[in-house]
Amino acid sequence: QQPRAPALPMAPKKKSSKGKAAKAPPSAPKPLFPVDESSMVTNHVLLDLQLSNVEMGRKFQERFDVTTPVFMVKRRIVERYGRMASLSLYKDIESADGEITDDRLTLRECGIEGGPGMETPPVFTMFFDYRPFAFDEPVLLAEHRPARDAGRAAAGASSGPASPAGAAP
């Protein structure tokens, strides 16, 4: 016979909590640093986004929080007008430093201040310029020409040769 291994002591069984009162939930932890309540107020701005090189072109307005990063504004433009190869956003098109080059900046960091009200936020005009995704497609490069046959079809219907009876047009 082989010697048996010594038995390991078993952990004591947990007692059931029947009949005991439930513990109160832990209270909310205290903040590690003081919270400024005024910084929690959201400020909104109504951006008037216009295509930079067309006076009566693409234009729309959308409400944004001033803590929104620039890349989210660009994303809304792309969602509205479709895929683009490149997109530039400008605070001011007349000045050389009007282009916003860092997409990670918030609107507030770009100098756009909003108002605390959701009902009537201040309006700020921004301009955008883009290059279409497939700008070198042959269809986009083709010139628009009216159909040559359109004029003849209207005139030829009354003065053209008569088709034989029973022939399908």
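Is tyrosine 130 buried, exposed or partly exposed? Tyrosine 130 is partly exposed, at 23% relative accessibility; buried means under 20% relative accessible area, exposed over 50% and partly exposed in between, with a 1.4 Å probe and protein chains only.

1. Basis. The model is predicted: local features need pLDDT of at least 70, side-chain atom pairs count only at pLDDT 80 or more, and totals for chains, interfaces and linings use all residues. Residues are numbered from 1 along each chain as its sequence is written, and side-chain values use heavy atoms, with hydrogens and water left out.

2. Sheet. Five strands make an open sheet of mixed pairing, in the order β2-β1-β5-β3-β4. Strands (E, at least two residues) and helices (H or I, at least four) are DSSP runs numbered from the N terminus, and two strands pair if DSSP finds at least two bridges between them. β2 and β4 (99–100) are the edge strands, each pairing on one side only. β1 and β2 run antiparallel and are joined by seven bridges. Valine 45 stands opposite phenylalanine 64 in β2.

3. Helix on sheet. Helix α1 packs on the sheet and touches β1, β2, β3, β4 and β5. The direction of α1 makes about 130° with that of β3; axes are lines fitted to C-alpha atoms, for helices over the stretch in contact, and angles run from 0 to 180 degrees between N-to-C directions.

4. Core. The largest nonpolar core has 19 residues, of which Leu47, Leu49, Ile77 and Leu89 touch the most other members. Such a core is a set of buried Ala, Val, Leu, Ile, Met, Phe, Trp, Tyr and Cys residues joined through side-chain atoms within 4.5 Å. Two or more residues each come from β1 (44–51), β2 (59–65), α1, β3 (84–90) and β5; the largest share, four residues, is from β1. Beyond its neighbours within four places in sequence, leucine 49 has contacts (heavy atoms within 4.5 Å) that include Val73, Ile77, Leu89 and Phe128.

5. Aromatic pairs. The whole structure holds three aromatic pairs, and ring pairs link Phe60, Tyr81, Phe128 and Tyr130 into a cluster. Rings of Phe, Tyr and Trp (its six-membered ring) pair if their centres lie within 6.5 Å; planes under 30 degrees apart count as stacked, over 60 as edge-to-face and the rest as tilted.

6. Phenylalanine 128. Tyrosine 81 and phenylalanine 128 are stacked, 5.9 Å centre to centre with 25° between the planes. Tyrosine 81 lies in α1 (residues 70–81) and phenylalanine 128 in β5 (residues 123–132), so the pair ties together parts 47 residues apart in sequence. Phenylalanine 128 is buried at 0% relative accessible area, whereas tyrosine 81 is partly exposed at 23%. The rings of phenylalanine 128 and tyrosine 130 are also stacked, because their centres are 6.4 Å apart and their planes at 20°.
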